[in-house]
Amino acid sequence: ATEDPLDPSTWVWTQADELALTLIREARARGIRVIFDGVFNHMGINSFAFRHLQEHQQDSPYKDWFEVESFRDEAAGTGFRYRGWFGVASLPEFKEDDEGLAPGPRAYVFAATERWMNPKGLGPAHGIDGWRLDVAFCIGHGFWRDWREHVKALNPEAYLTAEIVDTPDKVRPYLQGDQFDGEMNYNFAFTAAEFLFNPPPLKISASQFDQALRELRELYPGGVTYVTQNLFGSHDSNRIGSHIVNRGTGNFRDWGTYFNLSQAIRNPDYQVRKPNAEELRLQKLFVILQMTYVGAPMVYYGDEVGMWGANDPDDRKPMVWPDIAYEDEVTRPDGSLRPADRVAVDAGLQAHYRTLIHLRNRLPALRRGSFHTLLVDDARDLYGYERRFEGQRVRVVLNNSDQPQQVRLDADGADWQSLLEGAVQSEEAEGPVIEIPARWGAVLLAE
């Protein structure tokens, strides 16, 4: 009540704020870094600024913060009208000028940024380590350039990643070194889905997959590829398990169309059941790719323990924990009854994630290594690559077919050791042979 939102020197640290600082401190002590979700394009209708504007109209100091189309004026016969984000009235948009955000919200965002990156003036070691920027494509490039300078002055090591759901050519301008460090790499997810999950005719071949990945790697300058967030699901898409259950229901890359198709509340044909063993195996195949490919793997909470769900709101169910007993899931998102599914942690899937994450953390080549295509076999649906870093060599082969496949590696003199259970290696004079089960992969290290 004592604060003036326009004067950061009056801002107080509430108990909730202090709890957030405790979370940051405790996370850091465990080797975890915290980034905040920055929503700088709009506010909510219950925000301090918009509520004041609603009450005081053009007499409010926030009259130039939002895209107001008309103020309430009985004499003129006008009502209070404003622009909401994508027409959503509960999310009034900030006003923009040629430089990005208008001066009012710009100053507020800059002050809030410093508050959480340098709390109480104690320095960056006590603040957050970066930002994920919501709907970054809705704010002008000029603002992001200036804001990046502000962030990096506070903490040069801060990580900035943007939500930009668009075609690669539209993404490229944001990742030239003057705005964001990385992005939520939905184009990686789209490409992986087209190779690993899509049925014909939406499926792409191994050679098309290789070409698409190459184009994405070459999209950015320098090392940007290594810090883009390679994800599949998020709070704005169906979970990977449910995506696989419903594979063939549209194409993930057609974002606008697929967004609606993957909402069970809109699409009565969308299956919200629990993934079966075959479908979970496809998810595990994706994890092998995700944890061994170039980039920063991003796992949406709960995917690692087998949570499933259609798009919003079904993808936002509470986390499933091993020490809680849950009722069976027996309803669709609209409340109608369906066959029961048991809700519990999938220990086998979680162990698979842990195995691949451990390999990535153990092997620098998987985090920082170069990338070389090793195998492209359209007829057998095989794809392989090698990662190299400071003498370390790791090879990965994905068998995307529904049959076991044998792969002969080059006899290059290296002693290749299999690191992933399931793939069986044998030595022959012409070179080692790896037998890979259907919908599985091999990860090999040169000793």
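## Strands, salt bridges and a surface patch

Q: Which residues form a nonpolar patch on the surface?
A: Keep in mind that this is a predicted model. With 32% relative accessibility, Val 88 counts as partly exposed. Together the patch has about 280 Å² of accessible area, and its residues are Phe 86, Val 88 and Phe 137.

Q: Which strands stand at the edges of the open sheet of 5 strands, each with a single partner strand?
A: Pairing in this sheet is antiparallel, and the strand order reads β13-β14-β15-β20-β17. Neighbouring strands are turned by 20° against each other on average, ignoring direction. A strand with a single partner has one side left without a neighbour in the sheet, so the edges are β13 (370–377) and β17 (416–418).

Q: What is the bridge partner of Val 396 in β20?
A: Strand β15 covers residues 392–399 and β20 covers residues 440–446. The two run antiparallel and are joined by 6 bridges. Across from Val 396, the partner in β20 is Val 443.

Q: How many residues apart in sequence are the parts that the Arg 33 and Asp 129 pair ties together?
A: Their side chains meet in a salt bridge, at 4.0 Å from N to O. Arg 33 lies in the loop between α1 (15–29) and β1 (36–38), while Asp 129 is in the loop between α3 (103–117) and β6 (130–133), so the parts tied together are apart by 96 residues.

Q: Is Arg 395 buried or exposed?
A: Arg 395 meets Asp 412 in a salt bridge (3.5 Å, N to O). Asp 412 lies in the loop between β16 (405–408) and β17, and Arg 395 in strand β15, so the pair ties together parts 17 residues apart in sequence. Asp 412 is partly exposed, at 34% relative accessible area. For Arg 395 the relative accessibility is 4%, and anything under 20% counts as buried.

Q: Which residues does Leu 280 touch, not counting those up to four places away in sequence?
A: Leu 280 has its place in helix α10 (residues 277–292). At 15% relative accessibility, Leu 280 counts as buried. Its C-alpha atom is separated by 8.3 Å from that of Ile 244, 36 residues apart along the chain. The residues Leu 280 touches are Pro 275, Asp 346 and Leu 349.

Terms used: Residues are numbered from 1 along each chain as its sequence is written. This is a predicted model: local features need pLDDT of at least 70, side-chain atom pairs count only at pLDDT 80 or more; totals for chains, interfaces and linings use all residues. Side-chain values use heavy atoms; hydrogens and water are left out. Two strands pair if DSSP finds at least two bridges between them. Helices (H or I, at least four residues) and strands (E, at least two) are DSSP runs, numbered from the N terminus. Axes are lines fitted to C-alpha atoms, for helices over the stretch in contact, and angles run from 0 to 180 degrees between N-to-C directions. Patches are made of residues with over 30% relative accessible area and no salt bridge: like charges are joined within 9 Å, nonpolar side chains (Val, Leu, Ile, Met, Phe, Trp, Tyr) within 5 Å. Accessible areas come from the Shrake-Rupley method with a 1.4 Å probe; for residues, only the protein chains shown count as cover. Buried means under 20% relative accessible area, exposed over 50%, partly exposed in between (1.4 Å probe, protein chains only). Contact means heavy atoms within 4.5 Å.
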